[in-house]
Amino acid sequence: MQQNFMVPAQDPLSLDRIRSVLVRLEDTIIFCIIERAQFALNPRIYIRGAFPELKELGFEGSWLEWFLKEIETFHAKARRYTSPDEYPFTKDLPPPLIPALNFPRILHQHPTAKSINMNPSILSFYTRTIVPRITHRATLELAARKRAQGIIGDDEYEDDGNYGSAATIDVELLHAISKRVHYGKFVSESKFQSNPAAFIPHIKTKDRFALEDLITKPAVERALLFRLGKKATVYGADRGYDGEPIRKSPRGIGTAAHPFNPTRALPDISPVADKEAKALPKTADASPVSVTNSLSDIGSLNGSAMSSGVIEMGEIGEYEWKVAVDDIRYLYENWIIPLTKEVEVEYLLHRLDGLSEDEVEELMKREPRRH
């Protein structure tokens, strides 16, 4: 998903614009997870040195790291990583072949702020935690097919040989997660610009906890997780040619292939929390939502109401799913949201770097403004 920072009429630090970017990234991430879930784990592609063919090329990393290097090398030549919202996983990339665009100065330009890059952590948690989880069903189905062919033991699990397809989707998903996490810099800059005096004292004392309290809205995070659950329930259901959800077959792998209950992904939001979320101003993390205990309005997320294709709460366990709703919520709740907060706080800690005392004093005098 690309942003156009060259449109002067659009404020890149507007919370409406930031929220729009983050909501669209939710769709990108969910669809990439669904695509990756159709292949088995293929752990070999994440092990450094597992491919002799790469060693012959002088590359000692993993198959996925090689994919990232090759793709990002091409993208770097096309000046992708000169954009303020792009962060490569690969170091020592070539310079662009064409001159960089003259982007407006949006974020703080001091090297300590510009160098914040969470991609090593993103790559680590993705390969060790997320991929094994979202490929669980495909891995079980692969094992069942192999056992039917007489292949048993270690050879029956995890590897379906789709190394290129799996890595291609991995790269797309990693880039989407990276953009989502690093957009925390835009969130922090927007909030800092709206009221510098609220942040500066805590920046000067390096008080991480106070800064995190300033940027954290628990009700908004609950609303975000609820919205993700609703989206994933729509996008993640297997559907037939008529668009209707496919019910589980009594034959086949059965519940072993579906060891999840998608309703677990919907957090228990009380009416009080719902009222709190509605009362909040729109932020970069989520827009106010109406929290209900029914999934009957899910279709509106696709821009049109679903008719008889609605999956009711009590029927969720009866249908086939391309991906567990719980897996998507787990990714956001345990990794994307916490890493985004780390980026936001780290950026704020360096927001005054390179500024003179007079410049900081001018910021302290600035009147707070509403977004």
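E346 and R208 form a salt bridge with their closest N and O atoms 2.9 Å apart, a salt bridge being a side-chain nitrogen of Lys or Arg within 4 Å of a carboxyl oxygen of Asp or Glu. The pair links distant parts of the chain, E346 in helix α13 and R208 in helix α10 (residues 208-215), 138 residues apart. Helices are DSSP runs (H or I, at least four residues) numbered from the N terminus.

The model is predicted: local features need pLDDT of at least 70, side-chain atom pairs count only at pLDDT 80 or more, and totals for chains, interfaces and linings use all residues. Residues are numbered from 1 along each chain as its sequence is written, and side-chain values use heavy atoms, with hydrogens and water left out.

By this rule there are 17 salt bridges, among them the following.

| Pair | N to O distance |
|---|---|
| K179 and E86 | 3.0 Å |
| R351 and E189 | 2.8 Å |

R351 lies in the loop between α13 (325-349) and α14 (357-365) and E189 in helix α8 (residues 184-194), so this pair ties together parts 162 residues apart in sequence. R351 and E189 are both buried, as are K179 and E86; buried means under 20% relative accessible area, exposed over 50%, and partly exposed in between (1.4 Å probe, protein chains only). By contrast, E346 is partly exposed at 23%, and R208 is partly exposed at 41%. A network of salt bridges links E26, D27, R227 and K231.

Helix α3 (residues 63-77) has 15 residues. Its buried residues include W63, F67 and A76.

Notes:
Helices (H or I, at least four residues) and strands (E, at least two) are DSSP runs, numbered from the N terminus. The expected span of a helix is 1.5 Å times one less than its number of residues.
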